[in-house]
Amino acid sequence: MDLGIAGRRALVCAASKGLGRGCAEALACEGVDVTICARTRDDVARTADEIGARAGHDVTWVACDITTPEGREAALRACPQPDILVNNAGGPPPGDFRDWDRAAWIRALDANMLTPIALIKATLDGMIERRFGRIVNITSSAVKAPIDILGLSNGARSGLTGFVAGLARKAVRHNVTINNLLPGSFATDRLRTTMEGRAKATGKSYEEALNAAMNATPAGRFGDAREFGAICAFLCSAHAGYIAGQNILADGGAYPGTF
């Protein structure tokens with residue numbers, strides 16, 4: 001299927017690896033002019049080269065911390081007026097809420113709620129003027145089924161979800177869609193961190209925690225970043241203009257609910 005977005009401009013955050021990279025690669029292979037950002041210069045530059053080689057055209061990169069005002073300014077200088085925005089940031093660490101002080105909560109909110117909102121604010125009106133925009137927020141399946149050791153993530157991402165719910169219904173009239181993509185267990189560094197936290201909390205080994213999580217997923221496996229990217233690319237496509245304000249699970253069937 002031709003997604004109808006070749007030549008569009010996209011900014012993909014936290015895209016040097018993992019799910020962000022999967023989204024950036026999928027968009028680039030559809031002919032989108034992609035800019036990626038991440039904190040580590042060497043990593044983001046190498047990823048841009050690798051994605052560009054696969055897609056057959058250059059991918060722009062910028063090394064910045066997207067959770068800071070300076071980082072967001074740098075990203076938007078590299079990709080002014082994007083048609084597509086993929087919001088992503090590393091999730092806060094797992095743990096016990098008794099150990100989290102106010103500073104820990106503020107860091108979680110800055111990264112996983114306030115940063116996406118700031119980027120939406122900076123780009124939405126331009127999308128509305130051009131009568132095309134696609135915003136995808138990478139959140140977490142924990143928004144629908146909270147994970148006990150990920151309380152910081154549960155709270156911050158749920159706040160973003162609530163905010164998006166109202167705004168998306170105003171923007172869609174202008175062919176600008178905002179949706180949330182909720183990953184379950186994907187084979188990324190984030191999964192490794194979560195499994196280490198779960199192992200510590202339960203007294204199991206890392207391997208035991210990892211195998212238990214895999215076996216508990218109806219699909220019987222962890223997800224791959226490229227299949228996640230393909231979902232993101234469709235949500236960003238010309239064909240997805242009637243999908244707005246949705247929380248789309250990609251979790252191998254792990255969420256137990258019907259609705």
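This is a predicted model: local features need pLDDT of at least 70, side-chain atom pairs count only at pLDDT 80 or more; totals for chains, interfaces and linings use all residues.
A search of the whole structure finds one cavity of 30 Å³ or more. The volume of the largest cavity is about 70 Å³. Its lining is made up of 14 residues, and those nearest the centre of the cavity are Asn-87, Asn-88, Ala-89, Ala-111 and Pro-116. Helix 4 provides the largest share, with five residues. Sorted by class, the lining of the largest cavity contains eight nonpolar residues, five polar residues and one charged residue.

Helix 4 also holds Thr-115. This residue counts as buried because its relative accessibility is 4%, which falls under the limit of 20%. The side chain of Thr-115 forms a polar contact of 3.1 Å with the side chain of Arg-72.

In helix 5, the residue examined was Ser-153. With a relative accessibility of 2%, Ser-153 counts as buried. Its side chain is joined to that of Arg-157 by a polar contact of 2.9 Å. When neighbours within four places in sequence are left aside, Ser-153 is in contact with Pro-92, Ser-158 and Arg-190.

Aromatic rings were examined next. A pair of aromatic rings is described by the distance of the centres and the angle of the planes. The structure holds two aromatic pairs. In one of them, the ring centres of Trp-100 and Trp-105 are 5.8 Å apart and the ring planes stand at 90°, so the pair is edge-to-face. The angle that counts as edge-to-face is one over 60 degrees. Trp-100 counts as buried, because its relative accessibility is 15%. Trp-105, at 31% relative accessibility, counts as partly exposed.

The rings of Phe-186 and Phe-228 have centres 5.3 Å apart and planes at 80°, so this pair is edge-to-face as well. Phe-186 is placed in the loop between strand 6 (176-183) and helix 6 (189-202), while Phe-228 is in helix 8 (residues 225-235), so the pair ties together parts that are 42 residues apart in sequence. Phe-186 and Phe-228 are both buried.

Backbone angles were also considered. Most residues other than glycine have a negative phi. Gln-81 is not a glycine, yet it has a positive phi of about 55°. This residue belongs to the loop between helix 3 (69-78) and strand 4 (84-87). Gln-81 counts as partly exposed because its relative accessibility is 41%, a value between the limits of 20% and 50%. Asn-175, also not a glycine, has a positive phi of about 65°. Asn-175 lies in the loop between helix 5 and strand 6. With a relative accessible area of 25%, Asn-175 is partly exposed.

Asp-43 has its place in helix 2, and Asp-49 is found in helix 2 (residues 41-55). Asp-43 counts as partly exposed, because its relative accessibility is 25%. Asp-49 has a relative accessible area of 56% and is therefore exposed. A polar contact of 2.8 Å joins the side chain of Asp-43 to the side chain of Arg-46. The C-alpha atom of Asp-43 is separated by 8.9 Å from that of Ala-63, and these residues are 20 residues apart along the chain. For Asp-49 and Ile-84, which are 35 residues apart along the chain, the separation of the C-alpha atoms is 20 Å.

Note on methods
Residues are numbered from 1 along each chain as its sequence is written. Side-chain values use heavy atoms; hydrogens and water are left out. On a 1 Å grid over the protein atoms alone, a cavity is a set of points where a 1.4 Å probe fits but cannot get out, and a pocket is an open set with protein on both sides within 12 Å along at least five of seven lines; lining residues have an atom within 4 Å of a point. Grid points are joined across faces, edges and corners, and a volume is the space filled by probe spheres set on the points. Helices (H or I, at least four residues) and strands (E, at least two) are DSSP runs, numbered from the N terminus. Ala, Val, Leu, Ile, Met, Phe, Trp, Tyr, Cys and Pro count as nonpolar, Asp, Glu, Lys and Arg as charged, and the others, Gly among them, as polar. Buried means under 20% relative accessible area, exposed over 50%, partly exposed in between (1.4 Å probe, protein chains only). A polar contact is a pair of N or O atoms within 3.5 Å; within protein, one must be able to donate a hydrogen and the other to accept it, and residues adjacent in sequence count only if both atoms are side-chain atoms. Rings of Phe, Tyr and Trp (its six-membered ring) pair if their centres lie within 6.5 Å; planes under 30 degrees apart count as stacked, over 60 as edge-to-face and the rest as tilted. Contact means heavy atoms within 4.5 Å.
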